[in-house]
Amino acid sequence: MPSATGKPPVDGAVTHLARQLMEAGLEGLSERERRVILHVAKRCHVSRDVNRVLVERQTFGERLADRVAQLGGSWGFILVFTGMLGAWVVLNTVILGGAAGFDPYPYIFLNLILSMVAALQAPVILMSQNRQAARDRVAAGLDYEINLKAEVEIMALHDKLDRIRMERLESVLDAQSIQIEAIAMAVGIAPAKPVTD
């Protein structure tokens, strides 16, 4: 219900928040919230590409870890590695002969190499997974900024709609008042004065 000024009443919590923001200014807000308010004030986009943000911050070691994890987790790597293992076994067992081979059965040197590959590959894959977790955190932060801006914009739209609705209601009431006065004058009755607070 509108007040005497024609504006919709403001909730006490909204008034308190508005006063708090006016008194504290931007200092009480986080960097992300300040950035969103700046984007809203400038009427520009908040959304950013997560991949581009991460590429800007990425170091050489992080790019290398991602590439190694990408290679180690592919079917191409599995097929090539299986082929190399098969070739190692054939070379040392069939071609060079059992006891005279470079690494005869039970392939102790091959086991050593496989253990070293696993020991090096596991931390690299973990680094890449940590990078994925960091990527998810950046994506969540960017999503938060977009959601915050959308919420502010929706609130502004609600305010505009409320203003338009109130202006429309006032114009309808004014038109009705004019019509009532015209009818009252035509009938010869003195128009009633509006009640004001």
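Trainee: Where is Gln58 found?

Mentor: Please keep in mind that this is a predicted model. Gln58 is found in the loop that runs between H3 and helix H4 (60-72).

Trainee: Does one call Gln58 buried or exposed, and why?

Mentor: One compares the relative accessibility of a residue with a cut-off, and buried means under 20%. Gln58 counts as buried because its relative accessibility is 17%.

Trainee: Which residues is Gln58 in contact with, leaving aside its neighbours within four places in sequence?

Mentor: With those neighbours left aside, Gln58 is in contact with Arg63, Asp66 and Arg131. With Asp66 there is also a polar contact of 3.1 Å, which joins the two side chains. As for Arg131, it lies 73 residues from Gln58 along the chain, and the C-alpha atoms of the two are separated by 9.5 Å.

Trainee: Let us turn to groups. Which residues make up the largest nonpolar core?

Mentor: The general idea comes before the case. In soluble globular proteins, nonpolar side chains tend to be buried together. Here the largest nonpolar core has 6 residues, namely Val50, Val53, Leu54, Val138, Ala139 and Leu142. Helix H3 (50-57) and helix H6 (108-187) each supply at least two residues of this core.

Trainee: Which residues form a nonpolar patch on the surface?

Mentor: That patch is formed by Val90, Leu91, Val94, Ile95, Leu96, Phe102, Phe109, Leu112 and Met116, and together they have about 870 Å² of accessible area. Helix H5 (75-95) and H6 are the elements that give two or more residues to the patch. H5 gives the most, with 4 residues.

Trainee: Is Val94 buried or exposed, and in which helix does Val94 lie?

Mentor: Val94 lies in helix H5. The cut-off for exposed is over 50%, and Val94 counts as exposed because its relative accessibility is 62%.

Technical notes:
Residues numbered from 1 in each chain as written. Predicted model: local features only at pLDDT ≥ 70, side-chain atom pairs only at ≥ 80, totals over all residues. Heavy atoms only, no water. Core = buried A, V, L, I, M, F, W, Y, C linked by side-chain atoms within 4.5 Å. Buried < 20%, exposed > 50% of the residue type's maximum accessible area, 1.4 Å probe, protein only. Polar contact = N/O pair within 3.5 Å; in protein donor to acceptor, adjacent residues only side chain to side chain. Contact = heavy atoms within 4.5 Å. Patch = residues over 30% accessible without salt bridge, like charges linked within 9 Å, V, L, I, M, F, W, Y side chains within 5 Å. Areas by Shrake-Rupley, 256 points an atom, 1.4 Å probe, with all protein chains shown as cover. Salt bridge = Lys/Arg side-chain N within 4 Å of Asp/Glu carboxyl O.
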